[in-house]
Amino acid sequence: RPAAPDNARMRGTSAATTVPMTLDGRQLLIWASIDGHAAMPFILDTGGHAILTTLAAKTLGLRASGAGSSGGAGAGTISTAYTRVKSIRVGQAELLDQPMLIIPYPYEFYERAKRTPIAGILGLEFFERYATRLDYGDRAVTFTLLPSYRYRGSGDAVPITFETDPDLPMVEAAADGYPGLFGVDTGNAGHLILFGGYLNRTGLSRRYASGPTIIGHATGGTNTSYLATLREFTIGDRHAYDVKTGFTHMKTGSFAAWTQAGNLGFSILSQFIPTFDYAHERLYLDPQRRPTPTWENRSGISFEKNSPAAFDIIAVRPASSAAVAGIAPGDRIVGVNGSPASIVSGGDLTHIFGAPAGTRVRLRVANRQRARDVAIVLR
């Protein structure tokens, strides 16, 4: 790999800085200050780069230049422009004179209801300069300048490579005993995903032939898969059993990669305290000290928030409480537990729908004909 520019520093005398982590609908957010402005939330994404939303760039008074396009886990591509900032600061960690992409992400990407919108993504530029430790249980991220980092723990040391993707770290892992190369994606806020080529080669597509449809959101648009329970997933010497897993047969986007087995993110990483050490090409997996809620969607409703006033219902799982109550794709949720949708973010609704089974959730549901109040019981 080409040597990274020498533009990283740690303010003060410490070699490390620890900052709060927010899990917003399972999405890992940290707060960063651009050019000394008030800190804004960014997705910390091993599969991403230094990116600003168009809204954040406008708020910061940054001018865009040039043009291009970018893809990701979505089925399509999205336009890009470019800017350069003097400083990106996270705690005491700082990148100087840093180029950034500007991407016109849709409202559902950055919305947080009445809270500060997501300003963009921080990715490769931080990971290749700082060892990065993610403590999901304590909600904390620690950055250590790589030249001074030495791992002192006793967890598994899993080799990482960058063989098939220049940005995303890859590890050897196995689903139901079948080995493959998996992307380790901190920007994946959902389930373990297995890709079509790997599923066909291993016969797992026949073993797990169907399940409820799940729709994800990523750079380039949406991605689709069906949900089933994988018997076993192995990474290093660690085994996870009965793992909720997405099975996808997408034809475009990074989830269509035939050389990769799949993509692992929050649902697997949050079971550990992972540390990314790009200098030594290792992912260290320490045991978690306290469990992290996974907020499995028990409502049967797949939704998007494409405007402030409502959630668009895009799919309803058959035989779910929502389906029994007559909720259907095309309906809109305009109220949740007595609050208008305008003050409920997508992350909020993910947490509400991820409450324990038996929880009763009150929804105000509208379509072109009428609005009505509906109560569903999470399963």
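Predicted model: local features only at pLDDT ≥ 70, side-chain atom pairs only at ≥ 80, totals over all residues.
1. Arg 289 is exposed, at 55% relative accessible area.

2. Arg 289 sits in the loop between S22 and S23, and Asp 135 in strand S11 (residues 130-135), 154 residues apart. The pair also belongs to a network of salt bridges that links Asp 135, Asp 138, Arg 289 and Arg 290. The structure holds 14 salt bridges.

3. The loop between strand S22 (282-287) and strand S23 (301-307) also carries Glu 296. Glu 296 bridges to Arg 26, with the closest N and O atoms 3.9 Å apart. Arg 26 lies in the loop between strand S3 (22-24) and strand S4 (27-34), so the pair ties together parts 270 residues apart in sequence. Both Glu 296 and Arg 26 are buried.

4. Arg 11 pairs with Glu 94 in a salt bridge, closest N and O atoms 3.3 Å apart. Arg 11 is in the loop between strand S1 (8-10) and strand S2 (16-20), while Glu 94 is in strand S9 (residues 93-103). Arg 11 is partly exposed, at 31%; Glu 94 is buried, at 4%.

5. Now the core. The largest nonpolar core has 72 residues. Ile 88, Phe 143, Phe 182, Leu 194, Phe 233, Ile 235 and Leu 264 touch the most other members. Strand S18 (residues 221-235) gives the largest share, five residues. Apart from this core lies another, of 20 residues, including Phe 311 and Leu 363.

6. Ile 235 deserves a look. Beyond its neighbours within four places in sequence, Ile 235 contacts Asp 156, Val 158, Val 171, Ala 173, Leu 264, Phe 272, Leu 283 and Leu 285.

Note on methods:
Residues numbered from 1 in each chain as written. Heavy atoms only, no water. Core = buried A, V, L, I, M, F, W, Y, C linked by side-chain atoms within 4.5 Å. Buried < 20%, exposed > 50% of the residue type's maximum accessible area, 1.4 Å probe, protein only. Helix = DSSP H or I, 4+ residues; strand = E, 2+ residues; numbered from the N terminus. Contact = heavy atoms within 4.5 Å. Salt bridge = Lys/Arg side-chain N within 4 Å of Asp/Glu carboxyl O.
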